[in-house]
Amino acid sequence: MRILLFQNVIPTYRAAMFRALGGGDAADVPIVRGGPSIDKLKLADDRFFDELGIREAPVKYYRLPNGQHATYQPRALSIARTMRPDAIVVQGGPYELTSWLLMAWGWLSGTPVIAWTIGLQRRETGWKWRLRKFFFRRARGLLLYGDYPARLLAESGIDAGRIHVISNSLDLAGQREAAARIDPAEVAALRDELGIGAATPVFIFIGRLVARKRLPVAIEAIGLLRTRGIDAHLLFIGDGEDRARLEQIGRDGGLQDRIHFRGAIYEEQQIAHHMAIAQAAIIPEAGLPIIHPMAYGVVPVISDDIERHGTEWEAVIEGKTGCFFKDDDAAALADCLARLVANPGEAKRIGEAARELAFERYGAEAHAGRIVEGVRKFAAA
């Protein structure tokens, strides 16, 4: 079976999944990518594209009045007509003009076109939902990131038989290798570099430093822990336009020597050594950054406003694979962190369960397999 897959961009964090998809034996999956990223994502490099024979179809971006962007790949239709695949996978948003065009061509040519989409993160009404619903119904089927969006779509009138959950993925095999190569001497050197004692609690955030992540609550919680006699440190791995504001918040709270901005780190071994000194990951709002620390056995502590997260929040089960804190409540977050510090055995148990779940559900190979499985199901319908 030949499955033609279109993407606007291929970020580095998805490289392992696309390698599994493009190099697998279950199906022939030619991949077409655009670029560059307007979201400042770090993209896979040309060597990766050459290795998998990924075709390029440059994408055009059109800014809309609501601040969103419509996208269009002018070469997409000619590629589809030339290749005549058994099925096509497109990006699943109503502002993807390429997807509308390919769904129309698929209807005329009898080629199944399946949309890969986040679906719904929260219940929607009004014109925005009507547009999404109309788009979703034009696709032969929907490949969704999680069970919660699947439930929301089914409750909103989308046929559950046209939904297939594929979850998401990171390069967990690469993270497993990095974890196995953690050097205790380098971990100790990192603590020394940061001025963190061997028994001092450390918490971490990994992801882009942008205002919508609402990261000040993490800094405030570190300050509250100090008033309770817990001298904790917080590491930020990532960069973004909110960094200067966060640094100022740390200085205003007298925490400048407790809050460490490490910048964007893409080398997994470096990330592994930072994870090795962390007891928990603080996650006010995120998607895959929930899974990244879990793969290292670091407890995810996330906001309880689940609709602010990506669907990866589903991996967090209170007291089993992670902890929830009341949204945007620094005192509640400090309570969660203090409990983990006071009960290291419990924290270790939760971290180990988190790691097990991450590898079970969010590996690249499993993700690629679920995509092919879903396409085959819808193509046969």
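**View 1. Surroundings of Arg258 in the predicted model.** Arg258 touches Arg226, Asp231, Ala232, His233 and Leu234, a list that leaves out residues up to four places away in sequence. The structure shown here and in the views that follow is a predicted model. Arg258 itself belongs to the loop between helix H10 (243–252) and strand E12 (259–261). With a relative accessible area of 15%, Arg258 is buried, because buried means under 20% relative accessible area. The side chain of Arg258 also makes a polar contact of 2.9 Å with the side chain of Asp257.

**View 2. The salt bridge between Asp28 and Arg2.** A search of the whole structure gives 19 salt bridges, and one of them joins the side chains of Asp28 and Arg2, with an N to O distance of 2.8 Å. Asp28 sits in the loop between helix H1 (15–22) and strand E2 (31–33), whereas Arg2 sits in the segment before strand E1 (3–7), so this pair ties together parts that are 26 residues apart in sequence. Asp28 counts as partly exposed, at 36% relative accessibility, and Arg2 is likewise partly exposed, with a relative accessible area of 31%.

**View 3. The salt bridge between Glu193 and Arg262.** In this view the side chains of Glu193 and Arg262 meet in a salt bridge of 3.2 Å, taken from N to O. Because Glu193 is part of helix H8 (residues 184–194) while Arg262 is part of the loop between E12 and helix H11 (268–275), the pair ties together parts that are 69 residues apart in sequence. Glu193 counts as exposed, at 54% relative accessibility, whereas Arg262 is partly exposed, with a relative accessible area of 26%.

View 4. The side chains of Arg243 and Glu247 form a salt bridge with an N to O distance of 3.0 Å. Both residues, Arg243 and Glu247, lie in helix H10, where they are four residues apart, about one turn of the helix. Glu247 counts as partly exposed, at 24% relative accessibility. Elsewhere, salt bridges that share partners link Arg214, Glu285, Asp305, Arg308 and Asp327 into one network.

Definitions and conventions
Residues are numbered from 1 along each chain as its sequence is written. This is a predicted model: local features need pLDDT of at least 70, side-chain atom pairs count only at pLDDT 80 or more; totals for chains, interfaces and linings use all residues. Side-chain values use heavy atoms; hydrogens and water are left out. Helices (H or I, at least four residues) and strands (E, at least two) are DSSP runs, numbered from the N terminus. Buried means under 20% relative accessible area, exposed over 50%, partly exposed in between (1.4 Å probe, protein chains only). A polar contact is a pair of N or O atoms within 3.5 Å; within protein, one must be able to donate a hydrogen and the other to accept it, and residues adjacent in sequence count only if both atoms are side-chain atoms. Contact means heavy atoms within 4.5 Å. A salt bridge is a side-chain nitrogen of Lys or Arg within 4 Å of a carboxyl oxygen of Asp or Glu.
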